[in-house]
Amino acid sequence: MFLSSSPKTPRKKMISCRFVTMKFLAFESICIFLLSQALLALGIQQIHVGQEMIGKISAAGQLMQCSASLDVLFLLDGSYSIGKGSFERSKHFASKLCDALDIHPDRVRVGMIQFSSTPHLEFPLDSYLTKQEVKERIKRTVFRWEELQVLASEPSERHLLFAGDAEDAANGLYSTLSDPVCTATAPGCKVESHPCERRTLETVKELAGNYVCWKGSKQPNAVQASLCPFTRWKRVLIKHPSRCFRTVCPDPCDSQPCQNGGTCVPEGLDRYHCLCLLGYGGDIHCAKLSLECSVDLLFLMDSSAGVTLEGFLRFKAFLKRFLQAMVGQDSPMSVGVAQYDDSVKVPIELGQHKDALSLMESIDALDFSGGRTLTGRALQYVAQHGFRSAPVFADVQDDLPRVVVLLTDSKSQDSVAEAAKYAKDQNIFLIGIGSSFMRAELTMVTGNPQQTIVYSDPQDLFNRMPELQRKICSVGNPEGCQAQSLDLAFAVDASSGVGLENFLRLRHFVRSSCLHFIINRDVTQIALVTYGSKAHTVFALDTHTSSSALLQAIDQVPFLGHSASAGSALQHVHSDIMTVQKGARPGVNKVVVLLSNGGGMQDAAAPAQQLRHDGILVFVVVIGDAERDTLLRVAGSPNYLVHLSSYEDLQYYQGLIIERICEEARSPVNLCKPNPCMNQGVCILGPGSYRCQCHGWEGPHCESRVLRGDSPRPPAFPPRSHGQWSPRGLQHFSRALQHSKRHVDQRH
C-alpha cells in the first residue's frame, strides 16, 4: 500500500489518487499521485488538443486553488525504462500541480516518493511548509533507475491520465480533485465532460497464413502432406470511447470584444488587446472613432521641397484617412486645409464642405509645390486669415475653439518662435506632427511636448491617428482620467545607478504626471515608493487627499543611492501598498508605474506577475541599456513597456503613459482582484458585488477575530461576514477601516 497514517491523529480522510483513489473514512484526504510513463495496457485517457486550447487550459490552471485539508503524496517513476527526459517532465508536472495547492501545515501538505522495485522517500509530508520550498525540493530530485508498477482507481478515465502537454495533464488532475476534495473553483470556471478515447494494449490471435504440414495416414508407415492454418499472437491497441474531464475558464476573447474586423489577442487570464485594421486603431475595441468635440479645425500641410513629393503624398493619405475615420457622414463639419512652402494658400476653407465625399475630392486635388520651407510665415498667415471664413451652416457655432494641426517633415528656414507666440495670443491651439528629428522644432512651435506627435516611420504615422483625435479634443482640458476612479502607485528608482541628477528628472516626471488626475478619496489616489536595495513608502494611497499636499510631498522626496532591486520594490507595492489595510479601495482599477534605469530588473518578473494575477496593471518605463526580454517579462506585454535611450526623452512619452493608465481606469474591474478579504478570507463574486467567506474571523472583510466568552469586541463593524458589497459601499467601508486602524495605533 502507498498509504501510511496513524488512526490516533485523524487529520485526513484518505483518498489515494495515484492517479489512484481509495477511501478510508477514519481519516481526512490523502492524495497519492503516481507520475510515470503509464503502460498502455492499463487504459489511458489520451487527449488531443491544439495550441489555442492548451493556452486556455494553462490559464484555467492558474485560476484553480485547493485550500482543503489535504495530504498529497507524489509517486515518481524512477525506473530505467522511463528515461531521464520523461522523469524531468514528471517533475515539471508535479511542480505545476503544486501551483494549485494552498501548501500550509494546516491545509495542504506535500510529500514525494521515487520508486522502482524499491521505493525511496524523497521527502515526507511535514518536511516543507510553503509552496516555494516544495517546488524547489521537487526541482532538486535526482532520477533513479529500475522497474515500473502501476495501479489506478476506477473509473480509470478520471484517475489515469495521459497527455502530450503538461498543462493539459495538470488540468485533468485539478478537475479530478475539484469534485471529491477541492470544491471551490474560480469564478466563471466549470468542469466540463467531453468525448475522448481510451486505448488498451491487448494480445490477440490472428491467422498468419497456411503452411505445409504432415498428417497421419490410414496406411501403415505412411504420412500425408496437407496445408495447415498458421496463427500467431500479437499485441494491438484497442480504442474505447470514453468521457474526459477538463476545467475550462472564460477566455477574455470569448465575448469577441474587437469590432470592425479587429483580432483579439488574450493576455493572461483576464486581459486582452485588439489588433485593429487600419483606420480603426484609435479605440481599444477597434470601434469607429469620431472627434466627439466641436472645434474649428485647420490642417497646415508642408508642401516645400524639404518634405519631398513622397512626404507630401504621405501627409495627404494620412489626412484623408484621419478625416474618413473621425468625421461623421451626416454631421456638419468645420474643417479646412492650408498648404505652404515660401507662400501660403488655403485651398479648402474652413466649413467649405458639407459632406465627407466632397472634402475627400478636394484633398485629392491638392498639388505639391516644392518651394522653400517657411513654417514661421505660414503660421503667421493662418493665424491672421485661416479662421475668417464664416460657417455656412446655421447649427455651427462661430465661437468654437480654434485648432491648427501642423504637418511638416522639414526644418523651417525662418523663425517659428514669434509666429507661434502670435498664434497662441489669438487663442489658437497648436498641434505639431512630424518625424523624430523634428521633435525640438515642433515643441518650440506648440510650446508643450504634450501637443507634439512624433512618428518613427511612415506606418507609425498612421498609428498616431487616435492620439491626434485625443489632442484635438483636449483643447482647454488637460489629458487625464478626470472622473475615473483609480488607485495609482509610482515605484521610482533612486539607486546610485540612476544618480542624483536623473533622479530629480524622474521625480519631476512623477510630479507633472500627477497634475493629470483629480486627487481625492472618491476619484484618484496616488502612492509613491522609492527604492535602492530596499523599498521605502514615501506616502500611501490614502495619505494625501488634495493635489497641493501630494505635490508638496513629492518635492521633498530624497535620493537614496545604493544598488537597485526593482523586484523588492514591486513586492513592496504588492504587500504594503495595494491592500485594503493600506488604503487600496475594492472595486477600483489599480496601476503600478515602475520608473527605472534598467538595473536590478532580474528579480522583478515574479512580483510583477503576482501583481498582474491580482488584477493590477504593471507599466514599466526604463531609461538606458537593458535586456529587452527581461523588461518584457516584467511588463508582461509590449503595450506596457516604454524603453528610452535618454532621460530627456521621458517628457515626450508622458501623454502615452497617461493614456495607457486611463485606459486601465476605464476597463472593467474584478472586485475580487486583489483579494479584499483579510486574514485568508475567500472572496466570492456576485452580480455587481462580492462577499468574504471568513474562517475564525468576522466582519465584511474578515477584519475582526471571533472572540469567545465575555472578551471585549473590537470597534463596531457590520456584523455579518457574508454580506455582499458594492464598489461604492466598499470604498466607504475601506475608509472607515483605515480611520479605525489609525485610531487604534494612536491609542497604543
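**Salt bridges, a sheet and the surface**

Trainee: With which residue does Arg372 form a salt bridge?

Mentor: A salt bridge is a side-chain nitrogen of Lys or Arg within 4 Å of a carboxyl oxygen of Asp or Glu. For Arg372, the closest N and O atoms are 3.9 Å apart, and the partner is Asp342.

Trainee: How many residues apart in sequence are the parts that this pair ties together?

Mentor: Helices (H or I, at least four residues) and strands (E, at least two) are DSSP runs, numbered from the N terminus. Arg372 lies in the loop between helix 7 (356-364) and helix 8 (375-385), and Asp342 in the loop between strand 14 and strand 15, so the parts tied together are apart in sequence by 30 residues.

Trainee: Which pLDDT do side-chain atom pairs need in order to count?

Mentor: Residues are numbered from 1 along each chain as its sequence is written, and side-chain values use heavy atoms, with hydrogens and water left out. This is a predicted model: totals for chains, interfaces and linings use all residues, local features need pLDDT of at least 70, and side-chain atom pairs count only at pLDDT 80 or more.

Trainee: Is Lys91, which meets Glu88 in a salt bridge, buried or exposed?

Mentor: The Lys91 and Glu88 side chains meet at 3.3 Å, N to O; the two are separated by about one helical turn because they are 3 residues apart in helix 2 (residues 83-98). Buried means under 20% relative accessible area, exposed over 50%, and partly exposed in between (1.4 Å probe, protein chains only). Glu88, at 31% relative accessibility, therefore counts as partly exposed. Lys91 is at 7%, so it counts as buried.

Trainee: How many residues apart are Arg585 and Asp487?

Mentor: Arg585 and Asp487 form a salt bridge with the closest N and O atoms 2.8 Å apart. Arg585 is in the loop between helix 15 (566-576) and strand 22 (590-596), while Asp487 is in strand 19 (residues 486-493); the pair links distant parts of the chain, and the separation is 98 residues.

Trainee: How many salt bridges does a search of the whole structure find?

Mentor: Some are linked in a network, which joins Asp460, Arg464, Glu467 and Lys471. The search of the whole structure gives 20.

Trainee: Which strands are the edge strands of the open sheet of 6 strands?

Mentor: Two strands pair if DSSP finds at least two bridges between them. The strand order is 15-14-13-16-17-18, with mixed pairing. Each edge strand pairs on one side only, and these are strand 15 (344-348) and strand 18 (452-455).

Trainee: Which residue of strand 15 stands opposite Val337?

Mentor: Strand 14 (residues 335-340) runs antiparallel to strand 15, with 3 bridges joining them. The two form a hairpin with 3 residues between them. Opposite Val337 stands Ile348.

Trainee: Which residue of strand 18 stands opposite Ile433?

Mentor: Strand 17 (residues 428-435) and strand 18 run parallel, joined by 4 bridges. Ile433 has opposite it Ile453.

Trainee: What is the accessible area of the nonpolar patch formed by Val212, Trp214 and Leu227?

Mentor: Patches are made of residues with over 30% relative accessible area and no salt bridge: like charges are joined within 9 Å, nonpolar side chains (Val, Leu, Ile, Met, Phe, Trp, Tyr) within 5 Å. Val212 is in strand 9 (residues 190-216) and counts as exposed because its relative accessibility is 52%. By the Shrake-Rupley method with a 1.4 Å probe, where for residues only the protein chains shown count as cover, the three together have about 380 Å².
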